[in-house]
Amino acid sequence: MSGINNYRTIYLAGGCFWGMEGYFKRIPGVIKTTVGYANGNSIDTNYRKVKETDHAETVKILYDFSILSLEEILLHYFRVIDPKSLNRQGNDIGRQYRTGIYYTTDYDLKVIKKIFDYEEKIHGEIAVEVIPLKNFIKAEEYHQDYLTKNPGGYCHINLELAYNPLDERDYKNPSDEEVKKDLDEISYRVMRENGTEHPHTSDLNEEYRSGIYVDKLTGEPLFSSSEKFDAGCGWPSFSKPILSKNVIYKKDSSHGMLRTEVRSSGGDNHLGHVFNDGPSEKGGLRYCINGVALRFIPLEKMKEEGYEDYIPLVE
């Protein structure tokens, strides 16, 4: 449902590029990874010369922004580095192992600054350099996909983390008895019996304040106001989930149609469907979601309700 027009690139330095590549190639929405050397003082270098040319071991990440936002990529990045360590990650020491985020557009810089400021609130002053990309040189072929070629090879990152959602809280449904007690008839029919509310009946269709939309049953964050748009269809519409792993997809062949159903990941509750007729500038997807499956939490109440970690994905 996506295409090459949705591809964007970011360059990340986080210690040995074998592990950084091994981690990010496991993230859904990452199209291709290439390891190389970036932001040195020459247009030519190699593995033996990086100390002389001051390049950093760097991973070039090509990703589909209709699936994976730059914000989410950067949250993964800070998850696997020590942001306060200067010129060292794991057992690797030296300028070539410094941490850095290297960008090519002003839009990317705005996103990077937002996540950077958020991480500094958590860690204090951090040692990650944020500067424009220059002098990126692809590394030798034996370094490309190194851990795929050498599964037992050295890695300073726990690659299994890539399979875990960024938000590891438990968002399972309560008991069926409690579900029936907590939900009104239409919400139960939609969320648990795969029904559909009538168009133009949800107050959330006209809700455009800043905030997040969570699963009405479990509280799992699903969508951000920053990705909401008026599709004219009568249901709340979004261009992508707030985090890629917070929703799951299933083939739906009901009603004589072939569609892609969208469900919440933690509670496995029916939300709606996703179509490929959304705004092209937002990636071209339209998540058509039943308002009765959602609860809206305005930005000013997110911290109070325990969703402070999601604020950078809304602002």
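Axes here are lines fitted to C-alpha atoms, for helices over the stretch in contact, and angles run from 0 to 180 degrees between N-to-C directions. With that in hand, welcome to a quick tour of this predicted model. Helix 1 (residues 17–24) and helix 3 pack with their axes 11 Å apart, at an angle of about 135°.

**Helix 1 with helix 3**

- An angle counts as roughly antiparallel over 145 degrees and as roughly perpendicular from 65 to 115; helix 1 and helix 3 are therefore oblique to each other.
- The crossing of helix 1 past helix 3 is right-handed.
- On the helix 1 side, the contact uses Met20, Tyr23 and Phe24, and these meet Ile73, His76, Tyr77, Arg79 and Val80 of helix 3.
- Sorted by class, this contact of helix 1 with helix 3 holds six nonpolar residues, one polar and one charged.

**Helix 3 with helix 4**

- Helix 3 makes a right-handed crossing as it passes helix 4.
- From helix 3, the residues in this contact are Leu70, Glu71, Leu74, Leu75 and Phe78.
- Helix 4 contributes Asp108, Val111, Ile112, Lys114, Ile115, Phe116, Tyr118 and Glu119.
- The contact of helix 3 with helix 4 has nine nonpolar and four charged residues, with no polar ones.

- Within the model, residues 176–299 are 14% helix and 32% strand.

**Aromatic pairs**

- Searching the whole structure turns up 10 aromatic pairs.
- One of them joins Phe223 and Phe238: the ring centres are 4.4 Å apart and the planes are at 15°, so this pair is stacked.
- Phe223 sits in strand 10 (residues 221–224) and Phe238 in strand 12 (residues 237–238), so the pair ties together parts that are 15 residues apart in sequence.

Key. Residues are numbered from 1 along each chain as its sequence is written. This is a predicted model: local features need pLDDT of at least 70, side-chain atom pairs count only at pLDDT 80 or more; totals for chains, interfaces and linings use all residues. Side-chain values use heavy atoms; hydrogens and water are left out. A crossing is left-handed if the near helix is turned anticlockwise from the far one by less than a right angle, and right-handed if clockwise. Helices (H or I, at least four residues) and strands (E, at least two) are DSSP runs, numbered from the N terminus. Contact means heavy atoms within 4.5 Å. Ala, Val, Leu, Ile, Met, Phe, Trp, Tyr, Cys and Pro count as nonpolar, Asp, Glu, Lys and Arg as charged, and the others, Gly among them, as polar. Rings of Phe, Tyr and Trp (its six-membered ring) pair if their centres lie within 6.5 Å; planes under 30 degrees apart count as stacked, over 60 as edge-to-face and the rest as tilted. Angles under 35 degrees count as roughly parallel, over 145 as roughly antiparallel, 65 to 115 as roughly perpendicular and the rest as oblique.
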